[in-house]
Amino acid sequence: MTSREIGHRKEEVRVHDVPVIVVMGVSGSGKTTIGTRLADALGVEYAEGDDFHPPANIAKMAAGTPLDDADRAPWLDALAAWMAERSARGAVVTCSALKRAYRDRLRASAPDTYFLHLNVPREELERRVAGRRGHFMPPSLLDSQLATLEQLEGDERGGTVDATRPPEDVVREAVAALRR
């Protein structure tokens, strides 16, 4: 068991009970912020999903061209391999996981995967993305991501949280959901 400070409360989480958690959502939803804090709260390894993209994907997105399913395939396969290696001990990884088919592909490698969807209204997403510096994802791709996003379905293990709240509140809610 490990103790971690979350906000002002100390949470007890049994590390061996933690699944692989995919913090998902469109660009600007706060995946990195929530993912790193959630991994710290749970005492598990964290990975930034963007780091798994091949250079060609980064270049394509930086040029303002949306990725297609063929572009995403090697990225999803690399993420799935990372997740499979950590499925017994738990981990947190960020990944847009916009389509059910992408989530199914990831879930095949780590069947107990929990998807935490960060929900943020469009206006807030636009504000966040426009304010980022040094990120390869331009604001012009937000429309394609929102059009591609498929909400979690009832048979998918996971939950949706309002990610406009302070990060410590989002993490607290995620930890509580994992306990249920």
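**Helix packing and strand pairing**

In the predicted model, helix 3 passes helix 4 in a right-handed crossing. The residues of helix 3 that make this contact are Asp69, Arg72, Ala73, Leu76, Asp77, Leu79, Ala80, Met83 and Ala84, and those of helix 4 are Tyr102, Arg105, Leu106 and Ser109. Sorted by class, the contact of helix 3 with helix 4 comprises 8 nonpolar, 1 polar and 4 charged residues. Helix 3 spans residues 69-86 and helix 4 spans residues 100-109; the two pack at an angle of about 30°, and their axes lie 8 Å apart. Because angles under 35 degrees count as roughly parallel, helix 3 is described as roughly parallel to helix 4.

Strand 5, formed by residues 91-94, pairs with two other strands. With strand 3, which covers residues 20-24, the pairing is in the parallel sense and extends over 4 bridges. Within this pairing, Ile21 is placed opposite Val92 of strand 5.

The side chains of strand 5 were considered next. In a regular strand, side chains alternate between the two faces of the sheet. In strand 5, Ala91 and Val93 lie on one side, whereas Val92 and Thr94 lie on the other. These four residues are all buried, and both faces of strand 5 are therefore covered, since buried means under 20% relative accessible area.

Conventions:
Residues are numbered from 1 along each chain as its sequence is written. This is a predicted model: local features need pLDDT of at least 70, side-chain atom pairs count only at pLDDT 80 or more; totals for chains, interfaces and linings use all residues. Side-chain values use heavy atoms; hydrogens and water are left out. Buried means under 20% relative accessible area, exposed over 50%, partly exposed in between (1.4 Å probe, protein chains only). Two strands pair if DSSP finds at least two bridges between them. Axes are lines fitted to C-alpha atoms, for helices over the stretch in contact, and angles run from 0 to 180 degrees between N-to-C directions. Angles under 35 degrees count as roughly parallel, over 145 as roughly antiparallel, 65 to 115 as roughly perpendicular and the rest as oblique. A crossing is left-handed if the near helix is turned anticlockwise from the far one by less than a right angle, and right-handed if clockwise. Contact means heavy atoms within 4.5 Å. Ala, Val, Leu, Ile, Met, Phe, Trp, Tyr, Cys and Pro count as nonpolar, Asp, Glu, Lys and Arg as charged, and the others, Gly among them, as polar.
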